[in-house]
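Visitor: I have a structure I have not seen before. Can you walk me through it?
Guide: Go ahead and show it.

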Amino acid sequence: QVHDVQGNDLGVLGERWLADARAAFALPKARIVVAEWLQRLCMEEHGAKDAPVVVANGIDETFLTDTPRTKPERPTLGAIWTAHDVKAPDVILQVLNRAKEELPDMRAVVFGLIKKGELPDWVEYHQAPERDAIRSLYGQCDAWLWPSREEGFGLPILEAMAQGTPVVATAAGAAPELVPPGGGAVVPVDDVDALATQCLRYLQMTPTTWATHSQAARTEAGNHPWSRTVTDFES
């Protein structure tokens with residue numbers, strides 16, 4: 001038997017399930033985790049005797065953009081809107097508003113399943129877009145904002161980078177492992193100033209410089225294809 005660990009659920013399961021979760025981690029099973037931080041967590045906090053094997057989540061190869069991108073003519077910042085606190089919707093609002101104050105012509109593209117909470121009128125919201133539309137939304141942006149407070153992995157990071165969009169993320173989940181040097185930025189959780197600064201940096205880059213960062217993001221996403229993930233997981 002293999003214990004597949006996708007995140008640290010002990011903090012969100014509630015008291016009813018904590019004992020069962022801890023008992024599962026105590027079992028002498030082989031473990032596969034989706035990120036290096038979970039490998040450390042299993043050993044240091046949950047007492048796993050053997051180091052779990054890291055098999056990062058992958059991305060559908062057909063989701064990767066085929067050609068290098070050019071910087072959008074209008075500065076555009078994107079994000080996923082989820083009302084849950086761990087996805088930091090309050091931080092998204094603060095960063096969007098700060099960027100808009102600095103760049104009045106800025107465009108914001110946001111999508112999610114359900115719109116809960118106030119988004120400014122100037123923000124373009126797309127509810128439950130189809131797969132091709134999601135791919136297009138990622139590909140319209142200079143940078144993708146990912147300010148989560150907690151994650152197991154953070155697959156939208158790879159999705160955005162697959163479209164050549166640099167990601168500005170907080171150090172939650174696998175973000176420090178996924179965002180490549182030059183292909184985005186990772187800042188502390190809840191650091192609105194740092195998130196806004198890094199987003200503005202990409203929004204204000206010259207097209208030539210931005211293209212270099214876009215290519216770094218696209219290359220890193222290409223290093224995580226589904227085919228490799230499946231092979232590694234089966235092995």
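Visitor: How many bridges join S1 to strand S2?
Guide: Four bridges join them, and the two strands run parallel. Strand S2 covers residues 30–33. Keep in mind that this is a predicted model.

Visitor: What stands opposite Val-5 there?
Guide: Val-33 in S2 stands opposite Val-5.

Visitor: In what order do the strands of that sheet come?
Guide: The order is S1-S2-S3, in an open sheet with parallel pairing. S1 (2–5) and S3 (53–54) are at the edges with a single partner strand each, so one side of each has no neighbour in the sheet.

Visitor: Which helix lies across S1, S2 and S3?
Guide: That is helix H2, residues 36–44, and it runs at about 145° to S2.

Visitor: What does Leu-38 touch, apart from its neighbours within four places in sequence?
Guide: Leu-38 is in contact with Val-5, Gln-6, Gly-7, Asn-8, Val-33 and Gly-152. Leu-38 also belongs to the largest nonpolar core, which has 36 residues. Leu-38 is one of those that touch the most other members, along with Phe-111, Tyr-138, Trp-144, Ile-157, Met-161 and Val-167.

Visitor: Which helix gives the most to this core?
Guide: H5 does, with five residues. Those supplying at least two residues each include H2, S5, H4, S7 and helix H5 (155–162).

Visitor: What about a second core, which residues does it include?
Guide: The second core is separate and has 30 residues, among them Val-91, Val-95, Leu-96 and Ala-143.

Visitor: Moving on to H3. Which of its residues are buried?
Guide: Pro-89, Val-91, Ile-92, Val-95, Leu-96, Ala-99 and Lys-100 are buried in H3. They cover an arc of only 165° around the axis, which puts them on the same side of H3.

Visitor: And what covers them?
Guide: The cover includes strands S4 (76–80), S5 (107–112), S6 (123–127) and S7 (143–146), together with helix H7 (192–203).

Visitor: How far apart are the end C-alpha atoms of H3?
Guide: They are 20 Å apart. H3 (residues 89–102) has 14 residues, which should span 20 Å at 1.5 Å a residue, so the two values agree.

Visitor: New topic: what is the phi of Ala-128?
Guide: Phi of Ala-128 is near 45°, a positive value in a residue other than glycine. Ala-128 sits in the loop between S6 and helix H4 (131–139), and is partly exposed, with a relative accessible area of 41%.

Visitor: Where does Asp-190 lie?
Guide: Asp-190 is in the loop between strand S9 (184–187) and H7. Although not a glycine, Asp-190 has a positive phi of about 70°. Its relative accessible area is 39%, which makes Asp-190 partly exposed.

Notes
Residues numbered from 1 in each chain as written. Predicted model: local features only at pLDDT ≥ 70, side-chain atom pairs only at ≥ 80, totals over all residues. Heavy atoms only, no water. Pairing = 2+ DSSP bridges. Contact = heavy atoms within 4.5 Å. Axes fitted to C-alpha atoms, helices over the stretch in contact; angles between N-to-C directions. Expected span 1.5 Å × (residues − 1). Buried < 20%, exposed > 50% of the residue type's maximum accessible area, 1.4 Å probe, protein only. Arc of directions from axis to C-beta. Core = buried A, V, L, I, M, F, W, Y, C linked by side-chain atoms within 4.5 Å.
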